[in-house]
Amino acid sequence: MLKLEQVSKTYGNKNEKAVDDVSFEVNAGEIFGFVGPNGAGKTTTIKMIVSLLAPNSGKIIINGIDNQENILEAKKQFSYVPDSPELFEKIKGLEYLKFMADVYQVPTAARQERIEKYLDIFEIKDAVNDPIGSFSHGMKQKLALVGALIHDPQVFILDEPMVGLDPKASFELKKIMRDHCDRGRSVFFSTHVLDVAEKICDRIAIIKKGKIIEVGTMAEIREKAGSQESLENIFLELTE
Amino acid sequence: MKEIINLTKLFINESLGFSLFFYNRKFNKKEYYKQLFTLIIVPVALIPAFFMYVSLMSATYFGLTMINQTSVFLSIGYIMATVLIIVFGVMYILSEFYFSDNMEELIPLPISPRKLIISKFLSILVFEYIFAAFIFLPILIIYGVGQGMGLFYVLLSFFVFVTIPVLPLSLMTALIMLIMQSTSLKGRKDMLQIIFVFIGIAVIFGVQIWFTSQLGNGDEADFQRIMNTLLTNNEGLLNMIGFAMPTSFLMAWALNKITLMSFVWVIALLGITFLACALMVAIGERVYIKSIVSGKIMKKGKRLSSDERSKALIKKSHGAMAVFTMDLRLLLRTPVYFFNNVSVVIIAPLCVWISFSFIQIPPEDLQGMQDFFREMPVLVNFLLIAFFIFFGGTSATTATTFSREGKASWLTRMIPVTAKDQIMGRTGVAILIQSLGILFTIIAVQSIFPLALSTLLLTIILGILGSLPILLFGLFMDMNRPLLNWDNPQKAIKNNMNVVITLFVGMAYTGLLIGVSGLLGYFVNSILGYGVFVLISAILSFVFYKVINERLESEFLNFES
């Protein structure tokens with residue numbers, strides 16, 4: 001569903017690679033967790049997947065489409081929620097959702113049904129006619145999530161999705177992620193909350209200084225680490 | 001004091017992005033050269049305008065010498081500089097004190113409100129001193145050289161110059177702080193900003209109308225003669241303005257003729273300036289932080305029922321229309337954008353209307369103008385077309401289209417909208433604004449010069465077509481070098497070189513296009529003139545469209561690299 005092949009990225013004229021020869025694959029029906037210390041290259045990798053940054057080398061294939069050769073078609077395959085969703089402050093929540101439904105060409109009945117469903121789940125129905133500038137960080141995140149789910153994407157990509165969400169919304173999001181994958185789609189997300197990654201991810205990749213240092217299921221990672229400890233402990237050992 | 005200096009440096013750095021500039025010099029050469037180019041091109045681009053201004057002021061001075069009225073020269077300059085500082089300063093004050101995000105980070109720190117207020121004020125002053133140097137220094141120098149003044153004049157001029165932006169800005173800041181702290185204005189800060197800006201424009205118009213009415217019919221008068229008329233026919237004029245701005249008397253008494261009393265007047269001027277500053281700080285200490293803390297509340301919309309939400313979502317829009325609607329909403333709802341991109345289409349036709357309304361054109365002159373129009377429709381048509389292109393070229397709507405989105409631009413870059421739809425949506429907004437300008441102009445002109453429908457259609461179509469290359473060039477510029485990293489929307493426009501470049505290129509293009517096709521139309525054949533106009537505009541538009549269409553998707557990938 002999502003495949004990265006030897007992807008590298010360098011910023012400016014620095015010699016140090018932000019992302020260095022990264023390869024992994026996210027399969028259909030899989031929740032894939034992406035963990036690593038601050039500055040390891042998680043957000044850069046995600047930005048290259050969602051066509052906000054161009055890799056210096058390597059290939060990114062989303063649902064069979066190369067995101068550098070056919071950018072537009074690739075964009076239709078995923079939706080993305082950044083770690084701190086900066087949205088248009090002067091636009092009302094509902095106007096934002098209509099915009100998202102329009103640009104993804106979501107049929108009328110489907111957009112009405114999905115927006116109602118997710119507004120209900122994230123409990124922002126009452127605020128949806130307010131300007132986004134009046135929203136709290138968490139509410140902006142919820143709105144961005146609703147906007148990202150409108151077109152029922154093949155690959156749902158999230159950067160630090162739990163930050164800012166209240167416990168209920170966080171719980172609901174995890175349910176949505178699982179439900180999404182149960183319908184044969186995929187979820188790819190980065191997180192620092194290793195407990196969450198351990199509990200909900202089918203597979204996990206650990207990135208350090210731009211390089212993938214481990215990929216696999218929790219069992220596989222434990223086996224390679226020769227330890228039955230939690231992901232947190234293994235992560236600390238691997239990234240030290 | 002050290003803390004104030006550090007804070008001031010921080011605010012200036014934040015405004016101009018020095019840290020980023022030096023970071024880019026080391027780590028991101030491409031961005032560094034872009035910024036360096038901007039730093040060089042801005043002063044270079046302003047040189048011709050500055051020389052024109054200095055020439056105009058020199059001519060005014062010599063005109064006044066002839067009628068032995070040089071004593072009012074400094075007063076004219078002082079009043080003009082003060083008015084301009086107030087008008088442009090309002091936006092800076094509002095931006096720095098009320099629309100900048102940095103207060104959210106600074107309020108929790110153990111810094112006294114007094115230091116924050118003084119630092120913010122000083123950071124505005126730095127820019128205003130640069131502005132005042134362009135406007136007022138030439139006046140001081142022309143007068144000093146013309147009168148053969150000595151060292152004391154230089155010394156006293158320096159102190160006068162030091163006070164010139166401080167006094168009006170202190171009072172303006174105090175006034176804005178008092179209005180902003182009113183609790184009834186909660187959630188309406190956008191509206192307030194628009195009101196302030198339009199008050200500023202109203203002041204300019206008021207002065208303009210008043211001056212115009214003082215000039216009578218103003219036939220064939222050049223600037224010198226206008227000034228002479230103004231001064232000889234209306235001796236009380238400067239006194240009247242002077243009473244509204246009493247410090248202009250102190251300045252005039254101090255500098256017109258250097259005596260021992262000049263030092264007293266300059267000390268008085270410094271004293272008044274200091275008091276105004278102290279008043280502003282005292283008011284600020286009482287109300288500023290309080291109004292910032294309570295002023296973040298935005299006006300909420302009404303609660304919608306499920307049916308109302310469904311109804312709002314029912315109509316599907318095409319990608320281009322979605323981009324168009326979003327861009328237009330941002331433009332109309334953000335006061336800074338509205339003022340910079342939209343207000344010109346209201347102000348320019350208003351100027352035309354005011355000129356026609358307040359200057360009484362004698363019937364024989366009017367008849368002459370109408371005869372001229374009938375005899376040379378080609379020239380008049382091209383003049384109208386040039387005016388219509390002006391709305392497209394000056395609005396800078398496309399030249400800031402991506403920059404205006406700032407940090408939220410990730411959204412429009414991520415969505416699956418074709419380059420064609422992006423171009424259509426964004427250019428469409430600019431054309432809509434331009435069309436409003438055209439419409440208002442026609443309404444303003446129609447009462448004096450009723451234009452035939454065929455003339456209207458021809459000039460409107462060619463006006464819009466002729467401006468398309470400028471609009472697309474603006475889009476091309478902003479696609480290549482968007483300014484996304486800003487903390488207040490003012491910077492997306494005011495710090496954006498795309499606006500200046502598009503304006504200059506647009507002016508040069510318009511001049512050439514109108515010149516070539518107008519001359520061909522007048523001297524050879526009108527159809528040929530219009531034909532050449534259409535051909536050049538269409539070819540340029542096509543070329544820009546093709547280039548943007550080809551490159552937009554890949555350029556989106558470079559916005560953050």
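Is Asp166(A) buried, partly exposed or exposed? Asp166(A) counts as partly exposed, at 31% relative accessibility. Here buried means under 20% relative accessible area, exposed means over 50%, and partly exposed lies in between (1.4 Å probe, protein chains only).

This is a predicted model, in which local features need pLDDT of at least 70 and side-chain atom pairs count only at pLDDT 80 or more, while totals for chains, interfaces and linings use all residues. Residues are numbered from 1 along each chain as its sequence is written, chains are lettered from A and ligands numbered from 1 in the order in which they are written, and side-chain values use heavy atoms, with hydrogens and water left out.

**Chain A overall**

Chain A has nine helices and ten strands. Both are DSSP runs, numbered from the N terminus: helices are H or I with at least four residues, strands are E with at least two. Of the 240 residues in chain A, 61% are buried. Chain A exposes about 9000 Å², and carbon and sulfur atoms supply 45% of that area. Accessible areas come from the Shrake-Rupley method with a 1.4 Å probe; for residues, only the protein chains shown count as cover. Among contacts in chain A with a separation of 6 or more, 67% join residues 24 or more positions apart. Contact means heavy atoms within 4.5 Å.

**The interface**

In the pairing of the two chains, 49 residues of chain B are in contact with 53 residues of chain A. Chain B and chain A bury about 4900 Å² between them, with 64% of it on carbon and sulfur atoms. Buried area is the accessible area (1.4 Å probe) that two parts lose on being put together, summed over both.

Between chain B and chain A, 14 residue pairs are in polar contact, both residues at pLDDT 80 or more. A polar contact is a pair of N or O atoms within 3.5 Å; within protein, one must be able to donate a hydrogen and the other to accept it, and residues adjacent in sequence count only if both atoms are side-chain atoms. On the side of chain B that touches chain A, at least two residues each come from α2 (18–27), α15 (306–314), α16 (319–333), α21 (409–414) and α26 (526–556) of chain B. The largest share of that side, seven residues, comes from α16(B).

**Salt bridges**

The structure holds 31 salt bridges over all chains. Four of them cross the interface of chain B and chain A. A salt bridge is a side-chain nitrogen of Lys or Arg within 4 Å of a carboxyl oxygen of Asp or Glu. Four examples follow.

| Pair | N to O distance |
|---|---|
| Glu116(A) and Arg309(B) | 2.7 Å |
| Asp166(A) and Lys142(A) | 2.8 Å |
| Lys17(A) and Asp20(A) | 3.7 Å |
| Asp182(A) and Arg178(A) | 3.9 Å |

Asp166(A) forms a salt bridge with Lys142(A). Asp166(A) lies in the loop between β7 (155–159) and α6 (167–182) of chain A and Lys142(A) in helix α5 (residues 137–149), so the pair ties together parts that are 24 residues apart in sequence. Lys142(A) is buried, at 8% relative accessibility.

Asp182(A) and Arg178(A) both lie in helix α6 of chain A, four residues apart, about one turn of the helix. Asp182(A) is exposed at 56%, and Arg178(A) is partly exposed at 28%.

One network of salt bridges links Glu116(A), Asp120(A), Lys125(A) and Arg309(B).

**Cysteines**

The count of disulfides over all chains is zero. A disulfide is a pair of cysteine sulfur atoms within 2.5 Å. The sulfur of Cys201(A) is 9.4 Å from the closest cysteine sulfur, in Cys181(A), and therefore too far for a bond. Cys201(A) is buried, at 10% relative accessibility.

Most residues other than glycine have a negative phi. Ser51(A) has a positive phi, near 65 degrees. Ser51(A) sits in the loop between α1 (42–49) and β4 (57–62) of chain A and is buried at 2%. Gln105(A) also has a positive phi, near 50 degrees. Gln105(A) is in the loop between α3 (93–103) and α4 (108–122) of chain A and is partly exposed at 41%.

In chain B, Glu3(B) is found in helix α1 (residues 2–16). Glu3(B) and Ser119(B) are 116 residues apart in sequence and 8.8 Å apart in space, C-alpha to C-alpha.
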